[in-house]
Amino acid sequence: MANYQLFIDTGILEIPNVVPLNHCKEVSKSLIDITLKIIFQNEDISTVPDELKTQLLTDKNLREKYLDNPKCVWKDNNPMKPRVSKNTGMVDIHFDPLVKKYITFNPIMYSHIKTLYDLLTNRKDELCYKDGPDRIGIKPKGSVDMPHHLDINLFRDYPTPHRVQAFIVMQIDEEQKARDSGTIEVIKYFHKYIHLASYFFKGKLPDTGSIPQQLPKNIFDLKALNSWLKEVVYTRNTDDEKLLELIDSKELPKERIELKWESIGMKTGSLFCFDQRTPHHNLRNKSDIERIVTYIRLYPHRYVSDPSVIKDYYLHPEKYDTRRYNNSEEVVYFKNNLSERTKVDETDETVKKCLIIKS
Ligand SMILES: O=C(O)CCC(=O)C(=O)O
Ligand SMILES: [Fe+2]
């Protein structure tokens, strides 16, 4: 059994062997194929050696060597509009048939994430895809660090429940140093101190209200935060009534925990979950093996205001501008057989829960 308590304590949890390796391999191949097809549909990439093809996404020299239009990786040939970002690696593929088959409605994955929500909220609830199916991520060699961020805003009310953010690793170089493998880097235990961090960074970090909130390393200074926690918070060395109240408002770890960025070495087939209050970003990749993940955004049913649209996101994505399905390159590329791609088995128990299909 997975050590769910570790998630509550540290804010992160890796659960290995959620998807068998042969399925991960099939999915990875399919995701690479589709991404290359969509991005390079007007180019002939047959002469590019197979092991270099995904590096066309990150390597300008390679594109100049092999492509008629090396700028085709950008929308409108504009480098400010990358079709696959070199730092996030996120690709707008939502309806890959193998992802649907092995990942999106995977009952084991579902049950782990449900257990975490139940523990977090102290209630029991089924889960669903409130915003439709999520994207995938591909980071080939040459990808760079994603900006440090939080997917909530430090200075605003956080949505409740805190989302259990999750992805499953389809492919990663397990031999490569984590720092150079494309994996995620996080600050464990941050969720225990987030209310204090919010106080500490007020007036230091720009308060724009935007989500994700960027945490530039020079301003989001962990060394300064750690010293303040040590010298002011844990010793209660302050006359500030508001701060004292804040310190007492939540139970802090008895011994102060030094907050630091940590890259998380991971295994193919693992489900990785992190508390939404955890700062994170994925990393550069120096390996020949692409880091490929499938993101999962499940929410408890009771946070859905209109259950009738959930099923529709999946079955009629072309109707929805909201998640950019309507204009997504995937939906446009497959418009003639989109229903084939998005069709689901409405009798499957996990599909029913995830899409709130009433029997
Ligand atoms: O790819 C990752 O490791 C994390 C990406 C990310 O920022 C997220 O899932 O919110
Ligand atoms: Fe994120």
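Helix H6 and helix H7 (residues 222–233) pack at an angle of about 100 degrees, with their axes 11 Å apart. The structure is a predicted model, in which local features need pLDDT of at least 70, side-chain atom pairs count only at pLDDT 80 or more, and totals for chains, interfaces and linings use all residues. Residues are numbered from 1 along each chain as its sequence is written, while chains are lettered from A and ligands numbered from 1 in the order in which they are written.

- Helices (H or I, at least four residues) and strands (E, at least two) are DSSP runs, numbered from the N terminus.
- Axes are lines fitted to C-alpha atoms, for helices over the stretch in contact, and angles run from 0 to 180 degrees between N-to-C directions.
- H6 and H7 are therefore roughly perpendicular to each other; angles of 65 to 115 degrees count as such, those under 35 as roughly parallel, those over 145 as roughly antiparallel and the rest as oblique.
- On the H6 side, Tyr193, Leu196, Ala197 and Phe200 meet Leu225, Trp228, Leu229 and Val233 of H7; two residues are in contact if their C-beta atoms, placed from the backbone, lie within 7 Å.
- The contact of H6 with H7 comprises eight nonpolar, no polar and no charged residues; Ala, Val, Leu, Ile, Met, Phe, Trp, Tyr, Cys and Pro count as nonpolar, Asp, Glu, Lys and Arg as charged, and the others, Gly among them, as polar.
- The axes of H6 (residues 190–201) and helix H8 (residues 241–249) come within 9 Å and cross at roughly 160 degrees, and H6 and H8 are therefore roughly antiparallel to each other.
- The crossing of H6 and H8 is left-handed; this term applies if the near helix is turned anticlockwise from the far one by less than a right angle, and right-handed applies if clockwise.
- His195, Leu196 and Tyr199 of H6 meet Leu243, Leu246 and Ser249 of H8, a contact with four nonpolar, two polar and no charged residues.

**Helix H2 and helix H4**

- The axes of H2 (residues 21–39) and helix H4 (residues 97–104) come within 9 Å and cross at roughly 150 degrees.
- That angle makes H2 roughly antiparallel to H4, and H2 passes H4 in a left-handed crossing.
- His23, Glu26, Val27 and Ser30 of H2 make the contact with Leu98, Val99, Tyr102 and Ile103 of H4.
- The residues of the contact of H2 with H4 divide into five nonpolar, two polar and one charged.

**The surroundings of ligand 1**

- Ligand 1 is surrounded by Gly137, Asp151, Gln165, Phe167, Ile184, His280, Asn282, Val293 and Tyr295; a residue is near a molecule if its C-beta atom, placed from the backbone, lies within 6 Å of it.
- At least two residues of this shell come from each of strand S6 (164–171), strand S11 (280–282) and strand S12 (291–296).
- The shell around ligand 1 has four nonpolar, four polar and one charged residue.

**Buried and exposed residues**

- Isoleucine 34 lies in H2 and is buried, with 21 other C-beta atoms within 10 Å; a residue is buried if 20 or more other C-beta atoms lie within 10 Å of its own, exposed if 12 or fewer, and partly exposed in between, with C-beta atoms placed from the backbone.
- Leaving aside residues up to four places away in sequence, isoleucine 34 touches Ile93 and Asp96.
- Tyrosine 117, in helix H5 (residues 107–121), counts as buried with 21 C-beta neighbours inside 10 Å.
- Glutamate 258 is found in the loop between H8 and strand S9 (261–263) and is exposed, with 11 other C-beta atoms within 10 Å.
- The C-alpha atoms of glutamate 258 and isoleucine 187 are separated by 9.8 Å, although these residues are 71 residues apart along the chain.

**Backbone features**

- A cis peptide bond, with omega of about -5 degrees, joins isoleucine 211 and proline 212, and proline 212 is in the loop between H6 and strand S8 (213–214).
- Aspartate 76 is not a glycine, yet has a positive phi of about 50 degrees; with 7 C-beta neighbours inside 10 Å, aspartate 76 counts as exposed.
- Isoleucine 356, also not a glycine, has a positive phi of about 45 degrees and lies in the segment after helix H12 (349–354).
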